[in-house]
Amino acid sequence: MPWNLHTTPEQWMRMKSKQKCGICGTELEVLFKSDPRDADTWFWMQCDHCDEPVCGKCSDIDKDGNRECTDCYQDKVFRSMKEESYGKETEG
Ligand SMILES: [Zn+2]
Ligand SMILES: [Zn+2]
């Protein structure tokens with residue numbers, strides 16, 4: 001999020017009150033507002049691994065019950081594939 005001296009608190013609030021999915025760019029709906037006047041207390045759906053805001057289509061719940069975006073999922077699959085091939089090399 002860009003934050004500079006020229007950004008007024010009102011502009012900052014407006015920026016924060018709109019979140020977009022970090023993957024497909026879909027505008028996200030606020031899940032929960034603990035204080036409707038304070039955007040700092042609002043919650044959006046986000047990836048528990050990289051903290052990026054994500055929509056339901058671009059994320060899934062992993063086996064530990066955490067939300068995981070497709071980026072993190074692909075990263076994990078790629079890493080486990082690499083580890084597997086390394087393992088085979090050292091075993092052989
Ligand atoms: Zn998305
Ligand atoms: Zn993620």
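Leaving aside residues up to four places away in sequence, Cys 72 touches Cys 47, His 49 and Cys 50; two residues are in contact if their C-beta atoms, placed from the backbone, lie within 7 Å. The structure is a predicted model, in which local features need pLDDT of at least 70, side-chain atom pairs count only at pLDDT 80 or more, and totals for chains, interfaces and linings use all residues. Residues are numbered from 1 along each chain as its sequence is written, while chains are lettered from A and ligands numbered from 1 in the order in which they are written.

Confidence comes next. The mean pLDDT (the predictor's confidence in each residue, from 0 to 100) is 84 for the protein, with 78% of its residues at 70 or more.

Along the sequence they follow the pattern α-β-β-β-β-β-β-α. Of the contacts with a separation of 6 or more, 29% are between residues 24 or more positions apart.

Of the 92 residues, 11% are buried. A residue is called buried if 20 or more other C-beta atoms lie within 10 Å of its own, exposed if 12 or fewer, and partly exposed in between, with C-beta atoms placed from the backbone.

Cys 55 sits in the loop between β4 (42-43) and β5 (59-61). Cys 55 counts as buried because 20 other C-beta atoms lie within 10 Å. Beyond four places in sequence, Cys 55 touches Cys 21, Cys 24, Thr 26, Leu 28 and Met 45. The C-alpha atoms of Cys 55 and Gly 22 are 8.3 Å apart, although 33 residues separate the two along the chain.

Asp 51 also belongs to the loop between β4 and β5, but Asp 51 is exposed, with 10 other C-beta atoms within 10 Å. Asp 51 has a positive phi of about 65° without being a glycine. Most residues other than glycine have a negative phi.

Note on methods:
Helices (H or I, at least four residues) and strands (E, at least two) are DSSP runs, numbered from the N terminus.
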